Structure formats: C-alpha cells, structure tokens
Amino acid sequence: MPISVALIAALVSGCAANGSTAPSDASAPCAGADEQRAAGFDPELEALIPPTIDGVAPTSLDSGRYCSAKALGTLADAGFHEVRFAGATWPGSDASGLAVVVYRAPGLTLNAMADTFAKGADDARSVNQVHAQAIEVAGRPAVRIDAAMREDPQTVYLWPAASPDTINVVIGSDVGQPRLDAALAAMGDR
C-alpha cells in the first residue's frame with residue numbers, strides 16, 4: 001500500500017510489483033498476476049485500518065494480494081506463496097505522509113515482514129543509514145526501522161496484530177514523531 005511510489009519502492013521493493021490487476025473474484029487464483037488490488041478486495045482486512053488519524057480520513061483505502069515470487073521478494077524465499085494486505089494513505093506535502101498497512105498470510109511472522117522491509121531498504125539505491133531496533137507497540141514485540149531516503153527520514157513500525165498471522169505496519173515519510181504516535185494510537189491494539 002504505497003504512501004508514495006518512492007517510499008514503497010525503497011522500503012518494500014521486495015514486496016511490491018507493478019502491473020497489478022483487480023480480479024472479479026478475490027477467491028479466484030491469481031492467474032499469473034504479480035499483484036492484485038482494488039478497493040473492497042478484502043473487506044475484512046480493510047476493516048482493520050483506522051478510519052481516521054487525528055480526525056482525518058485517508059485519501060485512499062484498498063486491499064489485495066501479492067501473488068508471485070517477484071512481488072513477494074524475501075517472503076517467497078521464506079515459503080510464502082500469497083500475502084494479503086489492506087492499507088490506507090494520509091499524504092502530507094510533497095513526499096511526506098503516512099501509510100497504515102495490514103498484512104496477512106498463514107504463518108506470517110513479525111521477523112519475516114521486518115526482514116522484507118529491511119532488505120527492501122538495504123537494496124534501494126536512494127536509501128541509506130538503515131537502522132532497525134526491537135521495541136514494543138501496544139504491549140507487543142515490534143520492530144522500528146529508520147532510514148534516510150535522500151535527505152528525508154523514513155520510519156517503519158511493524159508489530160503483530162491481535163489476529164493471528166497478521167502484521168500491522170505504520171510507515172512515515174518525513175513526518176514528526178507526534179504524527180507517527182497518532183498513527184500508532186489510531187491502530188490501537190488491533
């Protein structure tokens with residue numbers, strides 16, 4: 001779920017692909033698509049996204065699934081054949097803003113998702129100074145990844161959701177800690 005093409009290309013390059021298609025039936029096979037996404041694709045996951053952050057609704061909300069090794073990146077290497085997602089964006093000015101994403105697949109773990117994000121950041125040419133640290137969010141173990149894209153700070157929080165096999169993610173691009181904290185609070189203990 002992109003907050004900006006540059007941020008997702010840098011931080012999730014191993015977990016995103018171009019050429020997504022919207023299926024007529026979300027339960028049908030991927031049929032060779034790298035990624036499928038559309039508003040309403042997975043209403044259950046979309047319902048896990050907060051309707052507002054600091055009283056502001058997102059500018060976009062959709063859901064879908066990554067279906068190919070190309071789209072899954074290191075998750076494919078870890079044995080995943082499909083990962084579903086839902087997310088929303090709250091853009092700021094220029095390349096700044098927030099995204100909230102929920103990922104789900106049988107057996108999906110915090111470590112698998114954190115590895116995917118960290119690998120994407122490490123592989124991106126415009127990203128430097130990647131640092132990951134173990135923290136807690138909503139009383140659960142979490143990972144915070146900080147990086148710089150060109151001169152803009154990027155922050156990613158990942159932690160297990162209340163539902164099994166589900167990982168919550170908050171992505172901030174050139175936003176201050178109060179805005180990141182508001183996004184984390186909006187996710188609550190979902």
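**Figure 1. A search of the whole structure turns up 8 salt bridges.** A salt bridge here is a side-chain nitrogen of Lys or Arg within 4 Å of a carboxyl oxygen of Asp or Glu. Side chains of opposite charge can pair when their charged atoms come close. Please keep in mind that this is a predicted model, in which local features need pLDDT of at least 70 and side-chain atom pairs count only at pLDDT 80 or more, while totals for chains, interfaces and linings use all residues. Residues are numbered from 1 along each chain as its sequence is written, and side-chain values use heavy atoms, with hydrogens and water left out.

**Figure 2. Lysine 70 and aspartate 34 join their side chains in a salt bridge.** The N to O distance is 3.7 Å. This pair links distant parts of the chain, 36 residues apart: lysine 70 sits in helix H3 (residues 69-72), and aspartate 34 is in the loop between helix H1 (5-11) and strand S1 (35-38). Helices (H or I, at least four residues) and strands (E, at least two) are DSSP runs, numbered from the N terminus. Is lysine 70 buried or exposed? Lysine 70 is exposed, with a relative accessible area of 58%, whereas aspartate 34, at 19%, counts as buried. For these words, buried means under 20% relative accessible area, exposed means over 50%, and partly exposed lies in between (1.4 Å probe, protein chains only).

**Figure 3. Glutamate 35 and arginine 37 form a salt bridge.** Their closest N and O atoms are 2.8 Å apart. The two side chains are also joined by a polar contact of 2.8 Å. A polar contact is a pair of N or O atoms within 3.5 Å; within protein, one must be able to donate a hydrogen and the other to accept it, and residues adjacent in sequence count only if both atoms are side-chain atoms. Glutamate 35 belongs to strand S1. Both partners are buried, and for glutamate 35 the relative accessibility is 2%.

**Figure 4. Strand S2 pairs with S1 and with S3.** Two strands pair if DSSP finds at least two bridges between them. S1 and S2 are antiparallel, with 4 bridges; here glutamine 36 stands opposite arginine 65 in S2. How many bridges join S2 to strand S3 (residues 83-91)? There are 7, and these strands also run antiparallel. Serine 60 has threonine 89 in S3 as its bridge partner. S2 (residues 60-66) is mostly covered, as 5 of its 7 residues are buried.

**Figure 5. The search of the whole structure finds 1 aromatic pair.** The ring centres of tyrosine 66 and phenylalanine 85 are 4.6 Å apart and their planes are at 25°, so the pair is stacked. Tyrosine 66 lies in strand S2 and phenylalanine 85 in strand S3, so the pair ties together parts that are 19 residues apart in sequence. Rings of Phe, Tyr and Trp (its six-membered ring) pair if their centres lie within 6.5 Å; planes under 30 degrees apart count as stacked, over 60 as edge-to-face and the rest as tilted. Both tyrosine 66 and phenylalanine 85 are buried.

**Figure 6. Alanine 142 is found in strand S6 (residues 140-149).** Alanine 142 is buried, with a relative accessible area of 3%. Leaving aside residues up to four places away in sequence, alanine 142 touches several residues, including Leu110, Ile135, Val137 and Trp159. A contact means heavy atoms within 4.5 Å. Valine 169 is 27 residues from alanine 142 in sequence, with 9.8 Å between their C-alpha atoms.

**Figure 7. Aspartate 54 and aspartate 174 each have a positive phi, although neither is a glycine.** Most residues other than glycine have a negative phi, and most peptide bonds are trans. Where is aspartate 54 found? Aspartate 54 is in the loop between helix H2 (43-46) and S2, and its phi is about 50°. At 63% relative accessibility, aspartate 54 counts as exposed. Aspartate 174 has a phi of about 55° and lies in the loop between strand S8 (166-173) and helix H6 (177-187). With a relative accessible area of 39%, aspartate 174 is partly exposed.
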